Amino acid sequence: MTVTTAGPPAADPFSHPALFYSNTEEYLAGTVGFIRKGLANDEPVAVSVPGPNLELIRAELGADADAVRLMDMTVEGRNPGRIIPGVLRAFADTHPTGRVRIIGEPIWAGRSATEYPACVQHEALINAAFTGREVTILCPYDTERLDPTVLVDAHTTHPTLIDSDGERPSGAYDPDRIFASYNKPLAPPPAIAQVLAFDAGTLTEARHRAGEFGKRAGMLDDRVIDLELVIAETITNSVVHGGGRGSLALWLEGRQLRAQVRDAGHITNPLAGRLPPQPFQFGGRGLLLVNHLSDLVRIHTGVHGTTIQMDLRLA
């Protein structure tokens, strides 16, 4: 299944430009100018960027900041898989008519190499998630602090580019290709991991054993509940859609717990778990919940099986 066509439809009202900035002045000129134009047109505006940048925008807007929905991306978008349903669509869907403006900065210098592939895939999927919508999503990129590979990838995930030379179409725009290129196999669990096989008859046991692992690792009670929910949804999906069985591995990676579920299924819809459920929709909420509760979700899927890896901070 493809994510989008090779280029945006000619009449598509959705707009997804990348803003390349090299200093604070360029950042504020691009972002605050975008916001003020929206406010002047009575368009709803939301901003989700890392905390320090959020404060820069807030200060520059002054009293106008009260008219803008301001969110810290390091909190709301800590897991890139949560950004479309929990940040972008959550705001846009409350304004179903007229143009909506959003600034989203999901990639910043503090993102880890483990997080980055999920960030790129998120940026590629925005185009499919908003096709046909009267929405403009501006994505800033710091050209001084981000790796050059990040900037190259931004040309591929955004149909429009904005920099100090102005605005232009991206000749490298190809979100399908970039999404597929980051669909890479995940490393197997380390030797220290606790590995459990599960099937329909052992789902409850696997969930409880995951919770006990979290408690022994020092997880607070509310995070243990989150962990058990995440594991329950993931392994149940494996039983229902992934061949009836699978394996669950649990281990500690620094100050977070990492869980990896492998099965024989193939996730063919790239937007699975990234779109808000429709009214009266039956099913389809499991991976959405996993994205919401986890601090990072990585997925590798293909005809030979699927691996879903979830990180949850201990506190």
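**Figure 1. Strand 8 and strand 9 pair in the antiparallel sense.** Six bridges link strand 8 (residues 194-199) to strand 9 (residues 245-253); two strands pair if DSSP finds at least two bridges between them. Strands (E, at least two residues) and helices (H or I, at least four) are DSSP runs, numbered from the N terminus. Leu196 stands opposite Leu248 of strand 9. This is a predicted model, in which local features need pLDDT of at least 70 and side-chain atom pairs count only at pLDDT 80 or more, while totals for chains, interfaces and linings use all residues. Residues are numbered from 1 along each chain as its sequence is written, and side-chain values use heavy atoms, with hydrogens and water left out.

**Figure 2. The hairpin of strand 9 and strand 10.** Strand 10 (residues 256-263) runs antiparallel to strand 9, and eight bridges join the two. Ser247 stands opposite Arg262 of strand 10. Two residues lie between the strands of this hairpin, where Gly254 takes a positive phi near 65°.

Figure 3. Strand 6 (residues 160-163) pairs with strand 7 in the antiparallel sense over four bridges. The bridge partner of Asp163 in strand 7 is Gly166.

Figure 4. Over residues 16-159 the chain is 46% helix and 19% strand, and the end C-alpha atoms are 6 Å apart.

**Figure 5. Helix 8 packs with helix 9.** The axes of helix 8 (residues 203-216) and helix 9 are 9 Å apart, at an angle of about 150°. This makes the two helices roughly antiparallel (angles over 145 degrees; under 35 counts as roughly parallel, 65 to 115 as roughly perpendicular and the rest as oblique). Helix 8 passes helix 9 in a right-handed crossing (the near helix is turned clockwise from the far one by less than a right angle; anticlockwise is left-handed). Residues in contact (heavy atoms within 4.5 Å) include Leu203, Ala206 and His208 in helix 8 and Val224, Leu227 and Ile231 in helix 9. The contact residues divide into nine nonpolar, four polar and three charged. Ala, Val, Leu, Ile, Met, Phe, Trp, Tyr, Cys and Pro count as nonpolar, Asp, Glu, Lys and Arg as charged, and the others, Gly among them, as polar.

**Figure 6. Helix 9 packs with helix 10.** Helix 9 (residues 221-241) and helix 10 (residues 286-293) have axes 9 Å apart and an angle of about 150°. The two are therefore roughly antiparallel. Helix 9 passes helix 10 in a left-handed crossing. Among the contact residues are Arg223, Asp226 and Leu229 of helix 9 and Gly286, Leu287 and Leu293 of helix 10. The contact has six nonpolar, three polar and three charged residues.

Key. Axes are lines fitted to C-alpha atoms, for helices over the stretch in contact, and angles run from 0 to 180 degrees between N-to-C directions.
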